[in-house]
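Visitor: I would like to go through this model term by term. Please set each value against its cut-off.

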Amino acid sequence: METEKDIFKNSYDAAILAISVLKRLGCGKVNTFEQRLRSQKTQYLAQSFGVSPKYPFNLYLRGPYSPSLAFDLFKIEEKGIPTRDCKFASDELEDRFNQLKKFIGNKTTRQLELIATLHWFIKMVGLSPDQSKQKLVELKKASKEEVEFSFNSLKEI
Amino acid sequence: MINPLKKISTSEAKDLIPDKEILESVEKDNDPIFKISRPESTKDLLNNQLLEIEIALRKCDRYGVFE
């Protein structure tokens, strides 16, 4: 018999919290590739803002991607497990969540993908800003404007 | 700090990744920039504690501890 512990890749309540955060930000659905991609980038940024439990990410051609998160998103859909749109108990986390919400704003999925990828190069790999920008052009075929927009956006994280 | 992890096979990836478009990109993961294990900073650890408290509170709520 499947127990709570067996359902998700993350712990049950951590997965529910992560997906609740995604839902509050208007994503977390898995019906289309675009929805899944946006959920992935939003989760990566939510972790960078420190408002969501950690999922392990690796870099793929479409930017940072977590197979474990993909698994949990499909599981929650399949099982019909409800998530609540409630605020964080801690004011500090709620403030950071609001910063994240403002940061995501009306950014397109492409913009989130580029920002997350540039963040990966700088913060995770430890490349210099110039090396990271060059990598972004190579990997994502980003235009000069897109690179500068992504780099400036990173200053808010 | 770069610490490449073990490369996963395509068949393993198929079990994990539901999106074909992303699965195809696994071919590139022999480049160390694609797989990183970064030690957590003190700030990360403190932040994790805040999240752990949040998770614990929600779990208590789910079990009706506050009712």
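Guide: A residue is buried if 20 or more other C-beta atoms lie within 10 Å of its own, exposed if 12 or fewer, and partly exposed in between, with C-beta atoms placed from the backbone. By that count, 46% of the 157 residues of chain A are buried. In chain B, 16% of the 67 residues count as buried. The model is predicted: local features need pLDDT of at least 70, side-chain atom pairs count only at pLDDT 80 or more, and totals for chains, interfaces and linings use all residues. Residues are numbered from 1 along each chain as its sequence is written, while chains are lettered from A and ligands numbered from 1 in the order in which they are written.

Visitor: Why is A:L100 called buried?

Guide: A:L100 has 23 other C-beta atoms within 10 Å. The cut-off is 20 or more, so A:L100 is buried.

Visitor: Why is B:D44 called partly exposed?

Guide: B:D44 has 14 other C-beta atoms within 10 Å. That value falls between the limits of 12 and 20, so B:D44 is partly exposed. B:D44 lies in helix 3 of chain B. Its C-alpha atom and that of B:E54, 10 residues along the chain, are separated by 15 Å.

Visitor: What makes a stretch a helix or a strand here?

Guide: Both are DSSP runs, numbered from the N terminus: helices are H or I with at least four residues, strands are E with at least two. Chain A has 8 helices and 2 strands. Their order from the N terminus is α-α-α-β-β-α-α-α-α-α. Chain B has 3 helices and 0 strands, in the pattern α-α-α.

Visitor: Why is chain A called as compact as a globular protein of its length?

Guide: The radius of gyration is taken over C-alpha atoms, and the globule rule is 2.2 Å times the number of residues to the power 0.38. For 157 residues the rule gives 15 Å; chain A has 16 Å, which is close, so the description holds. Its C-alpha atoms fill a box of roughly 50 × 35 × 25 Å along the principal axes.

Visitor: What makes a set of residues a nonpolar core?

Guide: The members are buried Ala, Val, Leu, Ile, Met, Phe, Trp, Tyr and Cys residues joined through C-beta atoms within 7 Å. The largest such core has 44 residues. A:A18, A:I19, A:V21, A:L45, A:V51 and A:L100 touch the most other members. Several elements of chain A supply at least two residues each, including strand 1 (58–60) and helix 5 (91–104), and so does helix 3 (42–62) of chain B. Helix 6 of chain A gives the most, with 9 residues.

Visitor: Which residues does A:L100 touch, leaving out those up to four places away in sequence?

Guide: Two residues are in contact if their C-beta atoms, placed from the backbone, lie within 7 Å. With that cut-off, A:L100, in helix 5 of chain A, touches A:L45, A:A46, A:F49 and A:V51.

Visitor: How do you know that the length of helix 3 of chain B agrees with expectation?

Guide: The expected span is 1.5 Å times one less than the number of residues. For the 21 residues of helix 3 of chain B, that is 30 Å; the end C-alpha atoms are 30 Å apart, which agrees.

Visitor: Why are the buried residues of helix 3 of chain B placed on the same side?

Guide: B:N47, B:L51, B:E54 and B:I55 are buried in this helix. The arc is that of the directions from the helix axis to the C-beta atoms. Here these residues cover only 100 degrees, so they lie on the same side of helix 3 of chain B. They pack against helix 2 and helix 5 of chain A. The face turned away carries exposed residues, among them B:T42, B:L45 and B:Q49.

Visitor: What makes the buried residues of helix 7 of chain A line one face?

Guide: A:S132, A:K133, A:K135, A:L136 and A:L139 are buried there. They fall within an arc of 160 degrees, so they line one face of helix 7 of chain A. Their packing partners are helix 6 and helix 8 (144–154) of chain A. On the other side, A:D130 and A:E138 are exposed.
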